[in-house]
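Please look over the chain below before reading on. My notes follow as numbered points.

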Amino acid sequence: MPENSHSIKLRYVKLCYQYLVNNILTFLLVPIMATILIQFLQSNPNDLLNFYNSLSLTSIHLVCSLFFISYVTTCYIMSRPRTIYLVDYACFRPPITCRIPFAAFMEHAHLILSSEPKSVRFQMKILERSGLSEETALPPAMHYIPPTPTMDLAREEAELVIFSAMDSLLAKTGLKPKDIDVLVVNCSLFSPTPSLSAMVINKYKLRSNIKSFNLSGMGCSAGVISIDLARDILQQYPNSNAVVISTEILTPNGYLGKERSMLLTNCLFRMGGAAILLSNRKSDRGRAKYRLVHIVRTHKGADDKSFRCVQQQEDPEGKVGINLCIDLMQVAGEALKSNITTIGPLVLPASEQLLFLLTLICRKLFKSKMKLYIPDFKLAFEHFCIHAGGRAVIDELQNNLQLSAEHVEASRMALYRFGNTSSSSLWYEMSYIEAKGRMKKGDRIWQIAFGSGFKCNSAVWKCNRTIKLPVDDHNPWADCIDRYPVDIPDVVRL
């Protein structure tokens, strides 16, 4: 009981401290304004008239003052960045025919690597601890024995994923293809000619003057990079919109060798994709779901270890795959620290910034061994969308940011239901929060993505309106949200 009482007292002290520091300007300005108001009310009209006459203002002074105020106001309005709204988005829901149960996955592994039982057992151990369910999906070409990663089948997968997400987005928003001003498509490993963005333009017969971009090779964090690119373009073109499509095409990228560091991706990556509509039009403010607040990008590519920790390469037998180095979590942690250092001052309340600064000063100036204060990001955000790259990634961020199980629930459930869908995983997590009815007006969302290079990118959104239930049929969780959250065991014995 004494320990509980002590902890409760500390909590109240911290709450008082936070309230005081976060409202320090209010506490300072209110007495000053009250003093001025009292002085004004106690003055008689003659005193006010004498004060005005003492200023010796002429009509020229008044005109110049009004001109200066108008000029400053106009410059501020013209230089202020345009507000970017997220009108709506749609995620691809894989057909049931693409589902890959554990038994089917392991049967394929046995048949494809029949002469490598150790590699098969390794994949089984990874799958048992992966945090994935039996409902994740792989493209049709990956169901063949042996897999047939042809260009035609890869294009078919791209058309299935991208067109499905795009059709859902157009249906949800009522947007006409001819009204799209900007198109950004990101897919890291599949980059055909003509490009995927050209494929979308051809399918939907978009305008000839559309500004289109196709990003490749940028890893799982490319979704936030695409949002950043679309934002920069919309800042230059008023009254415009942009469609961003994020996906990863798996057909040509399955690894058929025996190197353990390259077999990991086979166990984690699954089909997925998302289409997002952004706009800078004031007319879209009322119906938009979110408003973009910040984007912070961190690139550690100058460091050799970071650059090589996720790399597409050939194994000794000439088979191509993605090599995940053993230092991956350490590199990701360093990238996250750099990203947090930049985003912290933008989003954290003054009380948290002050505590962090004081502990930093004590450590640097006084050579103190005091533990560096970890800011409480739960005071800055109501929701966290952590890239569902794997169970270890989510665990690491939950521990580093001191998040609760509910804060990482969306990430764990997205990994469980859909697997690692690369750059689109953030949108499956956002959809989960909406489907649960937790997204309220004014809520702040932090999207955190990691990618090869090595990159850590963050996007901060603010909810523009409360998302009401029930969610529409285009939500990828619409047919199963009642079953979630589920308990995910540490190990599923196969």
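1. Strand E1 (residues 85–91) and strand E5 (residues 273–279) run antiparallel and are joined by six bridges. Leu86 has Leu278 of E5 as its bridge partner. Strands (E, at least two residues) and helices (H or I, at least four) are DSSP runs numbered from the N terminus, and two strands pair if DSSP finds at least two bridges between them.

2. This is a predicted model, in which local features need pLDDT of at least 70 and side-chain atom pairs count only at pLDDT 80 or more, while totals for chains, interfaces and linings use all residues. Residues are numbered from 1 along each chain as its sequence is written, and side-chain values use heavy atoms, without hydrogens or water.

3. The open sheet has nine strands in the order E3-E2-E4-E5-E1-E6-E11-E10-E9, with mixed pairing. Strand E3 (211–215) and strand E9 (383–386) are at the edges with a single partner strand each, so one side of each has no neighbour in the sheet.

4. Helix H13 (residues 350–365) has 16 residues and reaches 22 Å from its first C-alpha to its last, close to the 22 Å expected at 1.5 Å a residue (1.5 Å times one less than the number of residues). Its buried residues (under 20% relative accessible area, 1.4 Å probe, protein chains only) are Ser351, Glu352 and Thr359. Seen down the axis of H13, they fall within an arc of 105 degrees, so they line one face of the helix; the arc is taken from the directions from helix axis to C-beta atoms.

5. Lys364 and Leu365 are exposed (over 50%) on the face of H13 turned away from its buried side.
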